Amino acid sequence: MIEKGHVSVTTETPQRLVIGWLYGTKMNIYGDRGNVLAIAQRARWRGIDAEIREIGLGEPIPDDIDVFFWGGGQDQEQVAVSRDIQGAKGEQLRAAIEDGAAMLAVCGGYQLLGHEYRPHDADPLPGIGLFDAYSTAGQARFIGNVVVNSRWGTLVGFENHSGLTFLGEDVEPLGRVEVGAGNNGTDGTEGAVYRNAIGCYLHGALLPKNPALTDWLIEAGLTRRYGAAALAPIDDRLEQQAHETAIRRARATR
Amino acid sequence: MVETDTRRARRLDPRLTVALAASKLTAMGIRRLGRGGGTSAPGLVADRLDGAMLTKLTGRLEHGAVVVAGTNGKTTTSRMIADIFEAAGYAVVHNRSGSNLVRGVVSAFVTRASLTGAPGGEIGVIEADEAALPELVRRTHPRVLLLNNLFRDQLDRYGELDTIARTWRAVLTELDERTTVIVNGDDPTLVAITDDIRAKRVCFGMNEARHRLDALPHAADAAVCRVCGADLAYHALYVSHLGDWYCPNCGRARPELAYAGGNIQLHGVESLAMDITPCGEAARPIAIGIPGLYNAYNALAAVAVAREVGIGWDVIARAFAAFRSAFGRIERVTYQGRQLTLALVKNPVGFNEVLRMLTAETGGLALPTLIAINDLDADGRDVSWLWDVDFELLATGDGDLHTTGLRGPDMANRLKYAGVALERIHPAPDDLTAGLDAFVAAVPEGGAGYILPSYTAMLRIRKTLADRGAVDAFWQQ
């Protein structure tokens, strides 16, 4: 599906990047597969061998993943996934992040990286506590464009969530919302960052139109594998146009 | 029946009459002001004055009402059904403009009804929006309810698929044996929500040997067993998650088909033919002048409805021979010496099927194509859905790809990540008229091209084409 790159820069020994897509087919309801595509394509356009591995229910975390992606699912799937990530699997994921692996988690995946998710009328779904954060079912649904100011510059995406996430003291927010509700609609934060792991509510898909963030994830993954990484610049004109248009639409429709 | 109907219609209902008069005046006012087709405001007025109007009017239809629902194909399918009913000699009340929320349906009935409350037709065809379906079913007590498919669509508006399925299930359990529910048996979700209902269930589906998919597309949603949670498997997969499915864990499987389609012949962007086999009978060939596998499903659904209402095969064939597609769904126009084919794209499954149709004959995209993506309410404000469409199909072929619309740049970027060569991607101005002009200028005179717009982009482009003399305005049809 994703084999065709544009540019192939050949080096003598091509570098590798292994992308681990947690629960790929089960947690991909908002086009978040675009994030996996963006990581793989931007690596390939620089001559890096990018491999995508899905990590399904009941399957262990492979020990050679450089960049993880974890998307959102429907309620039923969220319950199954919460159960699956407990125990050894969650420990393996935490260990990889502690060791420097990169990660992007969106919506449902983001919530399960916190301590727990508290639904309205059911028992809390435990997360893995990578982020010092918890989420709770809200009354309203936040739906709309989001613009976030972050240390990766301005990020733009689309939120669609009723869960509210509250950050503790041991985690940084991804940034502050200029447009949109963000983590909980009250404290102005959006997302969370711990080491090289990012969680957030931004769909869109996020990475294809925020290439600076994508490249940061790739660099973090390569740095862990090779000790250092320097990505060659690529022609980003279409990405930048998509980025700027999305920000303009967000500001116009807030 | 006829006597009862006449007697009822004669018994004046002052509230109904006042509501009808007021909403008819609203419709006239809107037309006089030139504000488009005036397809929903009269319904709003009527609803305020007599909330039971729709129930009263549909209750007076001699042959009852047919409600048509599904994520994709409901406009096309309900037009096929209405055309078949007309060919059978019935006067049909139908929200033909595609205005399919409750007020749009009420408006359509207001237009046809007399001030005394006669419904102005013998049978109703009601196209229902997914979110409006429960309310429309409760108000109209349909004789036939067609559930065509349920795909992921505009999550910002409808919520997740499970949410829609739950609200549909709730209303389905309220129906009794007076309603026949005609269900796409190839859709495991629709089968699950119609299990054990009191209404009569009739399933249709495909037994097709050639037009199959190798694997579930990314846009597919319902690949798990709704009863035991295991992943479903398929003997054959046709469109998205539609196919001859079974659960390897608990043994649930596609129900027996009362109407089975097969031997499908697809003729490019022009037409299709297929055989339809009613359970225990010989196969019947049908042909219709609209293209694509998705329309084979729509035609099969329309035939199932017509047969359940007791209409003969010769009448169906006559209606299909004269069928014209709904505005913008698939349309061919000549404009400035170019042959342009317009096909509406509104969600991942629909878009995938259009791409499949455009690339079927050559294996790639042969003609220059304009993709016009807006992000207004009716399009879905979230353009994430573009990432679930398999644009990778377009990476082969020579056709250039032009993009326009409020989210044209998102579309151009999507094509880049699908592996389409940069020299084939041409971002046109976001303004749709400027985008259309740039595209048309790039198509050689005497040549042909495709235009694939999202919903509001389709309305705008079609209006531009109409203003310049290429097509008729839709509400005149």
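Trainee: Which residues of α13(B) are buried?

Mentor: In this predicted model, a residue is called buried if 20 or more other C-beta atoms lie within 10 Å of its own. By that criterion 10 of the 12 residues of α13(B) are buried, so the helix is largely enclosed by the rest of the structure. What covers them includes β7, α11, β13 and β17 of chain B. The buried residues are B:Pro348, B:Val349, B:Gly350, B:Phe351, B:Asn352, B:Glu353, B:Val354, B:Leu355, B:Met357 and B:Leu358.

Trainee: How far apart are the end C-alpha atoms of helix α13 of chain B?

Mentor: The helix runs over residues 348-359, and at 1.5 Å a residue its 12 residues should span 16 Å. The model agrees with this expectation, since the end C-alpha atoms are separated by 16 Å.

Trainee: Which are the edge strands of the open sheet of six strands in chain A?

Mentor: The order of this sheet, whose pairing is mixed, is β2-β1-β3-β4-β12-β11. An edge strand pairs on one side only, which in chain A holds for β2 (49-55) and β11 (192-194).

Trainee: Is B:Gln336 buried or exposed?

Mentor: B:Gln336 is located in the loop between β12 and β13 of chain B, and has a positive phi of about 50 degrees although it is not a glycine. Because 12 or fewer other C-beta atoms within 10 Å make a residue exposed, and B:Gln336 has 12, it counts as exposed.

Definitions and conventions: Residues numbered from 1 in each chain as written. Chains lettered and ligands numbered in written order. Predicted model: local features only at pLDDT ≥ 70, side-chain atom pairs only at ≥ 80, totals over all residues. Helix = DSSP H or I, 4+ residues; strand = E, 2+ residues; numbered from the N terminus. Expected span 1.5 Å × (residues − 1). Contact = placed C-beta atoms within 7 Å. Pairing = 2+ DSSP bridges.
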